[in-house]
Amino acid sequence: MAGAAVPAAAGAASSGTFAPPQYLASGSTATNAVAVADVTGDGRPDIVVGVDAVDGTQTSSVLLFAQRADHSYGAPTRIVAHGGYNSDVRLAVADIDGDGRTDVALSSSAGVDLLFQRGGRLAAPVLVAGSAGDVAIADVTEDGRPDLVVSARPGEVRIHAQTATGAFPVHSTVTGPYLAGAPGEQVFAADLNGDARLDVAQFYRHGTWVRLRRVDGSFGPATTYRTPEDGNGYRRVSNGAAVGDVTGDGRADLVTSVSGNTPDSAVQVFTQGAGGLATTPVRYPAYDIASGLAVGDLTGDGRNDLAVTHDSWLAVSVHLQQPTGTLGGYTTNRVDGVGPQRDGVAIGDVTGDGKPDVVAVAYDKVAILRQL
């Protein structure tokens with residue numbers, strides 16, 4: 001779930017404009033996901049890539065592009081995982097085992113592979129079995145240990161509570177409404193009503209359902225957030241979602257992309273106010289076929305911005321958050337091979353100049369957009 005908000009504090013003045021992309025070859029047309037995090041323990045953010053199996057004889061894998069001392073990248077380290085063909089892998093990065101080092105979770109048809117950071121590298125994956133369409137890492141059970149929040153299938157989320165021994169032997173299930181016909185889901189765990197408890201949300205293209213966590217640990221009824229109908233009664237699907245504060249008030253908002261070509265293409269923000277998310281979104285025009293989303297502070301002004309990929313339109317765009325708490329107009333950056341991956345864009349300083357950059361999946365490679 002790389003579309004979640006990514007802390008990206010800038011150490012130098014940042015412009016929100018980018019150099020032409022630098023490409024790193026993944027060697028696979030099934031490159032599906034990207035994340036940015038220091039998973040080698042040297043203080044430099046690395047690029048982590050999720051790769052699906054391209055046929056029935058292969059399995060999914062994680063590619064680690066480790067950032068060198070001179071901020072360049074060599075050939076990636078490949079770590080073989082367990083997912084089979086057509087897994088549509090996704091990534092999440094966080095300190096799972098509480099040792100202060102960032103680990104990696106890869107979701108796939110086999111379940112969730114956990115790759116723990118050990119001795120400056122990622123160790124061989126440990127599988128938490130059960131088919132997984134997406135994964136988030138968060139302490140939902142409030143016991144001080146991060147749990148796995150897994151999208152089992154549209155309309156069903158599993159919460160794998162971590163035990164004191166670092167295992168995930170059992171899970172509970174949270175369900176929500178689902179309209180068939182537009183597959184592809186994402187899962188989020190975030191405080192979406194300001195009560196300091198983590199709630200669960202599942203995006204499924206037709207909409208996003210949210211269930212708020214109660215004081216007793218149970219979840220309230222589901223509320224669904226959908227793209228409003230147009231003048232003809234047609235309701236467009238969304239291609240991707242992210243959760244993060246894009247209004248500058250310290251509350252996490254729900255952001256979704258809207259499918260279509262201009263003027264129909266858009267990004268929409270379900271802003272969080274007192275008690276929860278607004279049911280009617282704020283709509284911002286976007287470049288054609290807005291798809292994957294990432295939230296993070298690109299300019300170092302303390303306000304989160306939005307990076308957007310555009311399926312088949314050779315572009316990644318950026319909307320900067322304005323002092324008014326709104327998103328500004330988009331600027332586009334040409335990137336070859338951009339596809340529909342919902343987990344295909346991330347924000348982080350991968351060039352070592354103190355300015356957050358944008359990294360995006362680009363068919364059989366990943367593109368680095370260095371911020372000027």
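**A first look at Asp 143**

Is Asp 143 buried, partly exposed or exposed? With a relative accessibility of 33%, Asp 143 is partly exposed; here buried means under 20% relative accessible area, exposed means over 50%, and partly exposed lies in between (1.4 Å probe, protein chains only). Its partner in a salt bridge is Arg 145, with 3.0 Å between the closest N and O atoms. Arg 145 is partly exposed too, at 27%.

**About the model**

This is a predicted model, in which local features need pLDDT of at least 70 and side-chain atom pairs count only at pLDDT 80 or more, while totals for chains, interfaces and linings use all residues. Residues are numbered from 1 along each chain as its sequence is written, and side-chain values use heavy atoms, leaving out hydrogens and water.

**Salt bridges around Arg 118**

Searching the whole structure turns up 14 salt bridges, each defined as a side-chain nitrogen of Lys or Arg within 4 Å of a carboxyl oxygen of Asp or Glu. One of them joins Asp 97 to Arg 118, with the closest N and O atoms 3.0 Å apart. This pair links distant parts of the chain, 21 residues apart: Asp 97 sits in the loop between β7 (90–94) and β8 (103–108), and Arg 118 in strand β10 (residues 117–118). Strands (E, at least two residues) are DSSP runs numbered from the N terminus.

Arg 118 also meets Asp 99 in a salt bridge, at 3.5 Å from N to O. Asp 99 lies in the loop between β7 and β8, 19 residues from Arg 118. Together, Asp 97, Asp 99, Arg 101 and Arg 118 are linked in a salt-bridge network.

Asp 97 is partly exposed at 27%, as are Asp 99 at 31% and Arg 118 at 35%.

Conventions: Helix = DSSP H or I, 4+ residues; strand = E, 2+ residues; numbered from the N terminus.
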